[in-house]
Amino acid sequence: VNIFLLYLILLKGTVTAFAGLASLPVIQAALVFQYHVLTDQQLNEAVVITRSTPGPVGLYVVAVGYFVAGIAGAITGWAAMATPVLLIIPLVHYVGRKLENSRVKIILQTIVIASAGLLLAAVIPLAHDALTDWLTVILGLLTVLLLLVWEIDTLWIVVGAAAASLAASALGVIHP
Amino acid sequence: LSAARKTALGANSYQALTCFPETVVNTGFPAAMAALNAGANPSPIASKRAAMHGAVAAAVGITTKTCWTIAHPYFKGRDGQIRVVLIAAVAFALYVFAHIPPIWVLILAAGVGAFLPEPRP
């Protein structure tokens with residue numbers, strides 16, 4: 001894919017997303033399944049990079065851009081992430097009152113809820129790629145449990161999972 | 001080094017001895033120490049791979065939990081709960097089973113949202 005097409009694909013994801021990772025299904029469908037320029041492994045790694053560094057969750061599109069087209073791709077990802085934010089300023093200025101309309105709110109709510117269902121669907125191939133042995137299955141389930149019950153910072157969960165996997169590998173328990 | 005020594009030393013130790021043949025004495029006590037050190041310290045690439053193996057598993061968990069984070073604010077009241085479950089399930093099914101591209105699922109959701117009544121508290 002050329003840079004402009006990459007920008008449009010990432011923009012399609014960021015424009016339709018109202019939460020950090022909600023753009024993931026759109027980006028996965030285009031770059032992984034349609035154009036085959038990204039793998040589920042790289043998509044997972046992009047999430048790891050984003051969740052273990054400061055900044056908004058949506059920044060994972062920068063890592064995705066980098067995996068697809070290097071530095072130019074990363075800049076494209078950044079531009080795609082910033083574009084909706086820049087567009088929303090004049091949009092709010094001109095149609096701000098309409099955004100308070102209850103019908104508009106229900107439409108936006110429906111899109112957001114649908115994006116949650118899509119994200120759950122997008123997890124299936126990611127899990128298929130990442131959860132390849134008993135340790136990774138446990139780590140994945142434990143992560144969900146820790147986040148739901150204690151809401152631990154994702155940075156510590158990523159670091160802990162990496163340390164657990166490293167220790168298990170050093171002990172010869174798993175062979176990644 | 002012979003193939004037999006490679007087997008006896010293990011991959012990491014063998015790599016350590018063959019990478020620096022001019023600096024490492026490959027017999028006797030120094031060689032044993034070098035081999036032990038190399039065996040105890042796996043290569044950075046192997047370590048990185050092992051760490052990433054666990055980190056991506058956590059990423060899957062984080063992404064899964066994000067689904068709940070997104071839907072949670074609307075999961076209020078009986079109407080809201082039914083709405084969240086139905087819309088999310090239909091979006092899931094359309095993408096997974098009907099293979100409809102996500103962007104069209106979202107556009108369809110917007111269309112449905114235009115006709116949905118306001119949820120009762």
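## Buried area between chains A and B

Chain A and chain B bury about 4,500 Å² between them. Carbon and sulfur atoms give 82% of that area. The model is predicted.

In terms of residues, 60 from chain A are in contact with 44 from chain B.

## Polar links across the interface

Salt bridges between chain A and chain B number zero by the rule used. Polar contacts do occur: six residue pairs make them across this interface, with both partners at pLDDT 80 or more.

## The chain A side

H5(A) gives the largest share, with 23 residues.

By residue class, the side of chain A that touches chain B holds 39 nonpolar residues. Another 16 are polar, and five are charged.

## Aromatic pairs

How many aromatic pairs does a search of the whole structure find? Over all chains, there are three. One of them joins Phe92(B) and Phe97(B). The ring centres of Phe92(B) and Phe97(B) lie 6.4 Å apart, and their planes make an angle of 70°. That angle is over 60 degrees, so the pair counts as edge-to-face.

Is Phe97(B) buried or exposed? Its relative accessibility is 64%. The cut-off for exposed is over 50%, so Phe97(B) counts as exposed.

Key: Residues are numbered from 1 along each chain as its sequence is written. Chains are lettered from A and ligands numbered from 1 in the order in which they are written. This is a predicted model: local features need pLDDT of at least 70, side-chain atom pairs count only at pLDDT 80 or more; totals for chains, interfaces and linings use all residues. Side-chain values use heavy atoms; hydrogens and water are left out. Rings of Phe, Tyr and Trp (its six-membered ring) pair if their centres lie within 6.5 Å; planes under 30 degrees apart count as stacked, over 60 as edge-to-face and the rest as tilted. Buried means under 20% relative accessible area, exposed over 50%, partly exposed in between (1.4 Å probe, protein chains only). Contact means heavy atoms within 4.5 Å. Buried area is the accessible area (1.4 Å probe) that two parts lose on being put together, summed over both. A salt bridge is a side-chain nitrogen of Lys or Arg within 4 Å of a carboxyl oxygen of Asp or Glu. A polar contact is a pair of N or O atoms within 3.5 Å; within protein, one must be able to donate a hydrogen and the other to accept it, and residues adjacent in sequence count only if both atoms are side-chain atoms. Helices (H or I, at least four residues) and strands (E, at least two) are DSSP runs, numbered from the N terminus. Ala, Val, Leu, Ile, Met, Phe, Trp, Tyr, Cys and Pro count as nonpolar, Asp, Glu, Lys and Arg as charged, and the others, Gly among them, as polar.
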